[in-house]
Protein chains: 2
Amino acid sequence: MALNFMTAEEAAELINHGDNIGLSGFTPAGTAKAVTFALAKRAEAEHAKGHPFQVGIFTGASTGNSCDGVLSVAKAIRYRAPYTTNKDFRKAVNNGEISYNDIHLSQMAQELRYGFLGKVNMAIIEACEVTEDGKIYLTAAGGISPTVCRLADKIVVELNSAHSKESIGMHDVYEPLDPPYRREIPVFKPNDRIGKPYVEVDPKKIVGVVKTDWPDEARSFTSPDPVTDQIGQNIANFLVSDMKKGIIPKSFLPVQSGVGNIANAVLGALGSSQDIPAFNVYTEVLQDAVIDLIRKERVKFGSCCSLTVTNDCLNSVYDDMKFFKDKLIIRQSEVSNNPEVIRRLGVISINTAIEADIYGNINSTHIMGTKMMNGIGGSGDFTRPAYISIFTTPSTAKDGKISTIVPLVAHTDHTEHDVNIIVTEYGVADLRGKGPKERAIEVIEKCAHPDYRPILREYLSYTDGKSQTPHFMKGALALHDTFIKTGDMRNIDWSKYLD
Amino acid sequence: MALNFMTAEEAAELINHGDNIGLSGFTPAGTAKAVTFALAKRAEAEHAKGHPFQVGIFTGASTGNSCDGVLSVAKAIRYRAPYTTNKDFRKAVNNGEISYNDIHLSQMAQELRYGFLGKVNMAIIEACEVTEDGKIYLTAAGGISPTVCRLADKIVVELNSAHSKESIGMHDVYEPLDPPYRREIPVFKPNDRIGKPYVEVDPKKIVGVVKTDWPDEARSFTSPDPVTDQIGQNIANFLVSDMKKGIIPKSFLPVQSGVGNIANAVLGALGSSQDIPAFNVYTEVLQDAVIDLIRKERVKFGSCCSLTVTNDCLNSVYDDMKFFKDKLIIRQSEVSNNPEVIRRLGVISINTAIEADIYGNINSTHIMGTKMMNGIGGSGDFTRPAYISIFTTPSTAKDGKISTIVPLVAHTDHTEHDVNIIVTEYGVADLRGKGPKERAIEVIEKCAHPDYRPILREYLSYTDGKSQTPHFMKGALALHDTFIKTGDMRNIDWSKYLD
């Protein structure tokens, strides 16, 4: 069956108001770009004519500006899951314009299959190669591609020459059966291959192929600074200490590290530690730092859902596939983030918090309890089943006006039951084996910024100090209330909350 | 090697101040009784002499009065994990006397093995049979017995004649290897057997066998009432509707149902539904209702961690083992509650909340945010990996003085990311595929008590109504603050929280 080449605009014409579209990709890596960009133009034209035009968007994780960005500005998104990072999307979401469903990334594909999220009308899949018999070779990310291809009525392929065909072979495409027929996810080592190198679809469903040459829109992160470097060093020291105690096996364990400059600093510190042997990475998003550590033979193998690296880095990997072929694998988010596999492998998870509370709860998503930042992403998938779960945060934000250590987080994404370790530039709070009151002392004295320690101790002095989790309800969120009203948590006046 | 029979008092003498003891059992079923009872006496005697005497206690879940009860009264517990239900324990914990670490039950055994919780000095294991070559046959619960036996220096067996030897064969004793050597937990159907019928230990470690005749101290629950019956009916109707939509397969899926009278009412409703085929139960605590449904052939198979049934019911099972042999299995909590298995099987989880918030977060543990009720138990193990996760609660407590639907839960045990369905006697809130603002309307209008709906709508009117999760920080916990200060949430005066 011959492939039907068309323009992005023609493909966008195949999408109707009210449709749900399912995209390849995970982060801006490997996601659809040209058709979604054209779709935004189409939505604007329809809106100009007074016609309603909005779609639901299902993805592996976030996308780039050519999807979430332009579609948000065009007011073309009705519903979105499971994760985003785009600033225009964030603005629209916190302005009440989009129904945003913040879902654990490992669960996205199965929630679609189970029928929780409605029909998938069209899948838009970025590929470096597609064959007439329905083999789609993905680019820099695994995401939920096989699922949206299977569920969708129609598939459009973005054949993107910015991705080398050298990436063929890096993918391990696997989709589990659903209950009651599901079996184990047979990954027992980070480098186990369990699937095929391509997505296999019914070729009749491929309604169009759009040729593009559009590089991934990976974000660049700010460089490490003394605070992130210190956080990285604190983590490396802590893990070495746990290894010496026999808690972590001498052969070490696979590491998951979140996205951003703290994650890069942590990997840098682990990579340069003399006491940590070369290790495996089992993560969702693989960044430049890991590619670098693979080259240095400090990381033995990298399993991920996406190569969210700079385009220079990506091309250097494509150019050196002979070296990287047996050192990298790209999986579906349902596998990379699968709690079954993560618990089995004993992954050490390291994720960034927006704020942590003194009892060990973590807010990963909401600024001051109300405004969405990005979403929970894969942090829940990794944290609960982790061998050791670690959260990092600089002790303050906004030049000290915000303490990231608070009495009670204003939104809870990870509960006290799931959090083992909290790390700031000031130190490491080890919550394992401790009751809440012991944790409060540990977190305040080890992690809080010195300016905020007296404030947090004073908070505790107003509680009964005895209950399982001492709080006083009117004051539990008083630091947040103070920041909202005065712009600086240090202006806290506890007497306003005591009556 | 001959068994060394001794009295409970003699066994208690082998425990030292500062020791950690690991117990068999899960709930009061199958737990140690005589030695812990004697230990409380010993602690009291030591305290009378002015000597410090406290121990750490590791169990599968809760225990009975002869353990947590008497030891709390004797002030003999320093540290306790992972769960309890005893009223004297609760009082002591909320009086700041015990360090209580509230852990997901499936994680308890591995946290001990990983070394997070310190040494296990002695294991005390209730058995219906023990052999000279180190085979221990458990009674009514799986719990963490093989792990504490392997980790402990010394093992004491309570050979309890109140449990029939007929229970031999019901157990499937399995302990996984730890990372990096762990394999899949090979349970693919609720009735798969993967282990041995006994715990195998080094016989040299069995320092004593204490003969007892001490029935399980299972709690009795209040009977179903119109509210719990209506909740059960609402769930049955909802599941039938999901089956008709094709979301739940026609063959149905295994059910987990929490502990207590709501759980019993739910099982009653599922059992008597004409539209639900005979189903499997894959749960942690199996109560009388399931035994009854097995007899009626409405439940095909029951997999559990404990038979927490009345003693009459337990004896009736022991007396009818020919019938029950291929219909019941008792597993370790690490298997019964394992998220890997629960996600694979597609278990429908049904658990009870203390309170739920309008955005879908659940408090399972803390009364008014500070006082521990019982603990998270297995609700987290089941909720996140569930095919569909359901929480139940009557819409009010304390004769209407408390709304169990609040703006923000005062303690979060299950986050918005994990909760699919909330059910009260008023209806079913389906949160799947909805953003937070849509969920708020769904929860208020379907689940809240009519007296509280205007109060909750008024709360929303003070938020910006636009952010991803609209709250105002000073008022988010105002209903709790009002209850604490006035004894009735209906006395809420929002103006006190607006400034």
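Let's start with chain A, which is divided into domain 1, covering 8-212, and domain 2, covering 226-452. Keep in mind that this is a predicted model. Taken over C-alpha atoms, the centres of domain 1 and domain 2 of chain A sit 27 Å apart.

How many residues of domain 1 of chain A are in contact with domain 2 of chain A? There are 52 of them, and they meet 42 residues of domain 2 of chain A. Between them, domain 1 and domain 2 of chain A bury an area of about 3700 Å², with carbon and sulfur atoms giving 58% of it. On the domain 1 side of chain A, the residues that lose the most area to domain 2 are Ser106(A), Met170(A) and Pro190(A), which together make up 20% of what that side buries.

Now for the polar side of this domain interface in chain A. The count here is 25 residue pairs in polar contact between domain 1 and domain 2 of chain A, both residues being at pLDDT 80 or more. If you want to see where domain 1 of chain A touches domain 2, look at α4 (87-94), α5 (105-114), α6 (145-151) and β8 (171-172) of chain A, the elements that give two or more residues to that side. α5(A) gives the most, with 5 residues. By class, that side of domain 1 of chain A divides into 24 nonpolar, 17 polar and 11 charged residues. Salt bridges turn up here too: 2 of them cross between domain 1 and domain 2 of chain A. Asp172(A) forms a salt bridge with Arg331(A), and the closest N and O atoms of the pair are 3.3 Å apart.

Next, bring in chain B. The contact between the chains takes 83 residues from chain B and 83 residues from chain A. Chain B and chain A bury about 7000 Å² between them, and 49% of that is on carbon and sulfur atoms.

Glu340(B) forms a salt bridge with Arg344(A), with the closest N and O atoms 3.5 Å apart. There are also 45 residue pairs in polar contact across the interface of chain B and chain A, both residues at pLDDT 80 or more. The elements of chain B that give two or more residues to the side touching chain A are β4 (99-100), α5 (108-114), α13 (339-345), β21 (371-372), α15 (436-447) and α17 (478-486). Which of them gives the most? That is α13(B), with 5 residues. By class, the side of chain B that touches chain A has 27 nonpolar, 31 polar and 25 charged residues.

Stepping back, a search of the whole structure finds 72 salt bridges over all chains. In chain A, Glu97(A) forms a salt bridge with Lys75(A), the closest N and O atoms being 3.3 Å apart. Glu97(A) lies in the loop between α4 and β4 (99-100) of chain A, while Lys75(A) lies in the loop between α3 (65-73) and β3 (77-81) of chain A, so this pair ties together parts that are 22 residues apart in sequence.

Chain A has an open sheet of 3 strands in the order β19-β18-β25, with mixed pairing. Its edge strands are β19 (362-363) and β25 (405-406) of chain A, and each pairs on one side only. Strand β18 (residues 355-357) of chain A pairs with β19(A) in the antiparallel sense over 2 bridges, and Ala356(A) stands opposite Ile362(A) in β19(A). In chain B, an open sheet of 3 strands has the order β19-β18-β25, with mixed pairing. There, Ala356(B) has Ile362(B) in β19(B) as its bridge partner.

Finally, some backbone details. Most residues other than glycine have a negative phi, and most peptide bonds are trans. A cis peptide bond joins Ala81(A) and Pro82(A), with omega about 0 degrees, and Pro82(A) lies in the loop between β3 and α4 of chain A. In chain B, the peptide bond from Ala81(B) to Pro82(B) is cis, with omega near 0 degrees. Met368(B) is not a glycine, yet it has a positive phi of about 50 degrees. You can find Met368(B) in the loop between β20 (366-367) and β21 of chain B.

How values were computed. Residues are numbered from 1 along each chain as its sequence is written. Chains are lettered from A and ligands numbered from 1 in the order in which they are written. This is a predicted model: local features need pLDDT of at least 70, side-chain atom pairs count only at pLDDT 80 or more; totals for chains, interfaces and linings use all residues. Side-chain values use heavy atoms; hydrogens and water are left out. Contact means heavy atoms within 4.5 Å. Buried area is the accessible area (1.4 Å probe) that two parts lose on being put together, summed over both. A salt bridge is a side-chain nitrogen of Lys or Arg within 4 Å of a carboxyl oxygen of Asp or Glu. A polar contact is a pair of N or O atoms within 3.5 Å; within protein, one must be able to donate a hydrogen and the other to accept it, and residues adjacent in sequence count only if both atoms are side-chain atoms. Helices (H or I, at least four residues) and strands (E, at least two) are DSSP runs, numbered from the N terminus. Ala, Val, Leu, Ile, Met, Phe, Trp, Tyr, Cys and Pro count as nonpolar, Asp, Glu, Lys and Arg as charged, and the others, Gly among them, as polar. Domain bounds come from an automatic or database domain assignment. Two strands pair if DSSP finds at least two bridges between them.
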